[in-house]
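User: I am new to this structure and would like to learn how to read a few of its features. Please start with the core.

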Amino acid sequence: MYILGVSCFYHDAAAALLRDGVLVAAAEEERFSRLKHDYGFPRHAIRFCLKQAGIEPSAVDYVVFFEKPFRKFDRLLMTVLQTYPQSSKVFRESMITWMVDKLWVETTLQAELGLPKNRILFSEHHLSHAASAFLCSPFEEAAILTVDGVGEWVTATYGIGRGNEMRLQKQIEFPHSLGLLYSAFTAFLGFEVNEGEYKVMGMAAYGQPKYLDRVWKLVHRNQDGSFALNMDFFSFHRSTKNTYNQRFLELFGVPRPPKLPFFTKASDFPTPCGLTDDDDSQLSQRNQYYADVAASIQRVTEELLLDMANQVHRETGLSRLCIAGGVALNSLANRRILLETPFEELYVQPAAGDGGGALGAALWAHNMLLGEPRTFQMNHAYWGRSNSEAEIAEFLQRNNISHRKFNNADQLVDTVVRDLVEGKVVGWSQGRFEWGPRALGNRSILADPRDPKMKDIVNTKIKFREPYRPFAPSVLAPCAGKYFELTDATRHHPARYMLYVVPVKHDFQGTIPAVTHVDGTARLQTVFQEQNPLYYQLIEGFAQQTGVPILLNTSFNLKGEPIVNTPADAFSSFVRSEMDTLVLENFVVERNMVPTNA
Ligand SMILES: [Fe+2]
């Protein structure tokens with residue numbers, strides 16, 4: 001039986017295909033359309049999933065959409081009616097997009113796939129999130145917590161999963177939303193909502209939570225683990241553009257302009273040219289304020305999540321917790337939940353945001369609706385498309401690109417290790433691309449983590465991104481406990497997907513400065529031989545040469561672009577940056593092989 005899950009028309013569009021309950025393929029649309037966070041109908045992702053399974057659309061037994069469009073429309077309508085006339089503009093704008101595609105999801109799915117109506121099913125937004133975590137977790141029984149911006153009406157739920165059943169017991173409803181609270185600060189700090197949340201987390205490390213009292217004016221925590229926003233400070237319920245209002249600004253001052261160079265005394269970022277020392281110190285002080293605000297909202301978010309997780313534990317008494325929804329990507333908070341609640345093990349799957357809803361919707365239909373037993377555990381993220389040798393060879397030949405081809409993995413690894421040890425930056429594309437927002441060694445830019453200058457090199461010459469954002473270490477799983485505060489890596493699934501921030505052990509912070517954040521932490525990825533043997537071999541090879549079983553790993557994309565998919569995407573990123581080596585499966589292109597006008 002084939003079940004296709006689809007999520008779109010809100011945040012990240014994605015498709016996921018199950019064969020008899022086991023995942024065959026899953027991908028976000030942005031990788032194919034090349035539009036970052038593409039939320040349109042995931043035509044390409046669906047086509048890819050079907051091709052990976054070798055089937056035609058007519059072979060699909062059920063298509064499952066990840067939420068209920070009419071219920072969501074109901075929320076929009078009610079919110080608008082309650083806040084009329086301030087909301088009349090948002091109503092007009094939203095109405096157009098709803099009338100054009102969102103309400104007619106069923107018709108769209110029918111038309112695109114040629115399937116009859118009775119094979120199209122609708123899950124619910126938070127049920128899809130819950131299913132995307134629990135139903136593919138290794139746990140037979142676990143508590144479940146879902147937290148995001150908003151689904152149809154709901155912004156957070158919790159409940160219990162047992163076998164192939166899930167029961168969500170309690171929920172928090174719009175407009176009270178932890179995701180939207182965090183997003184308001186994302187916007188205030190000059191970042192794009194739904195994109196810049198990681199940057200807030202990165203910036204928080206440069207600040208102190210000095211403004212907790214102000215942030216707590218915006219949100220009230222309840223005894224039962226829930227919370228309520230003070231809507232006097234927000235405008236997301238009546239505006240499509242602004243998430244906060246004038247009263248918020250009276251509390252927090254002038255928003256950070258998006259292009260303002262960010263550096264503080266601690267960030268060690270080179271002085272922007274043209275600034276005098278005085279300007280420089282003024283700017284540094286101003287940035288310090290924003291970093292302190294970032295640290296404050298991060299801390300409050302963590303506290304609210306801890307409240308929720310503790311309450312879930314009190315009510316369920318279970319020792320394992322599955323988390324999903326966009327907020328589950330907050331790797332600092334995940335770590336605190338593990339350390340500061342009675343839960344002993346956490347599970348988060350790599351596409352914890354709305355893209356993951358496609359997977360959850362399909363699992364929900366298979367396990368809960370059809371009552372089939374669970375037969376699938378997700379323990380790696382490599383569910384995307386791969387590039388065949390023939391495709392790469394054809395691309396290189398057609399474009400006249402000089403290259404070397406290796407016929408065995410040992411020689412390839414030796415060459416790449418030599419480059420890394422020499423301080424070169426390597427674009428590494430292998431196997432199937434990752435599911436979710438993180439690159440985990442199949443579409444990664446790799447470098448030597450021991451070189452203190454490497455962070456600046458990769459930030460400014462290769463990724464063109466903000467200099468304060470940390471880079472992640474990929475570490476061989478058996479060695480994780482030596483370098484990081486993480487014992488028994490096999491039990492910590494979120495670390496496989498870079499979803500834990502942990503302290504780097506004090507003695508090793510100087511060994512791997514390029515992946516140690518300013519506060520002494522790292523967002524590590526544990527690499528397991530069974531799940532990614534080639535990447536494991538590469539890190540092992542690097543360890544043999546250097547004694548350090550760790551590589552700097554950042555996603556293979558340039559700033560503002562989706563992670564690369566095809567050889568053409570990878571080569572384009574390579575030539576537009578100052579990467580030294582490009583590895584496409586067993587083909588290697590060195591910088592000096594490429595003409596300067598390529
Ligand atoms: Fe969501």
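Analyst: The largest nonpolar core has 204 residues, and those with the most contacts inside it are Leu4, Leu181, Phe252, Leu321, Met378 and Phe484. Helix H11 (residues 277–316) gives the largest share of this core, 15 residues. A nonpolar core is a set of buried Ala, Val, Leu, Ile, Met, Phe, Trp, Tyr and Cys residues joined through side-chain atoms within 4.5 Å. Buried means under 20% relative accessible area, exposed over 50%, partly exposed in between (1.4 Å probe, protein chains only). In soluble globular proteins, nonpolar side chains tend to be buried together.

This is a predicted model: local features need pLDDT of at least 70, side-chain atom pairs count only at pLDDT 80 or more, and totals for chains, interfaces and linings use all residues. Residues are numbered from 1 along each chain as its sequence is written, and side-chain values use heavy atoms, with hydrogens and water left out.

User: With which residues is leucine 181 in contact, leaving aside its neighbours within four places in sequence?

Analyst: Contact means heavy atoms within 4.5 Å. Leucine 181 has Leu218, Val219, Leu229, Phe234, Ile297 and Leu304 as such contacts.

User: Which way do the residues of strand E14 point?

Analyst: In a regular strand the side chains alternate between the two faces of the sheet. Helices (H or I, at least four residues) and strands (E, at least two) are DSSP runs, numbered from the N terminus. In E14 (residues 426–429), Val426 and Trp428 point one way, Gly427 and Ser429 the other, and all are buried.

User: How many bridges join E14 to strand E15?

Analyst: Two strands pair if DSSP finds at least two bridges between them. E14 and E15 (residues 443–447) run antiparallel and are joined by four bridges, with valine 426 opposite leucine 446.
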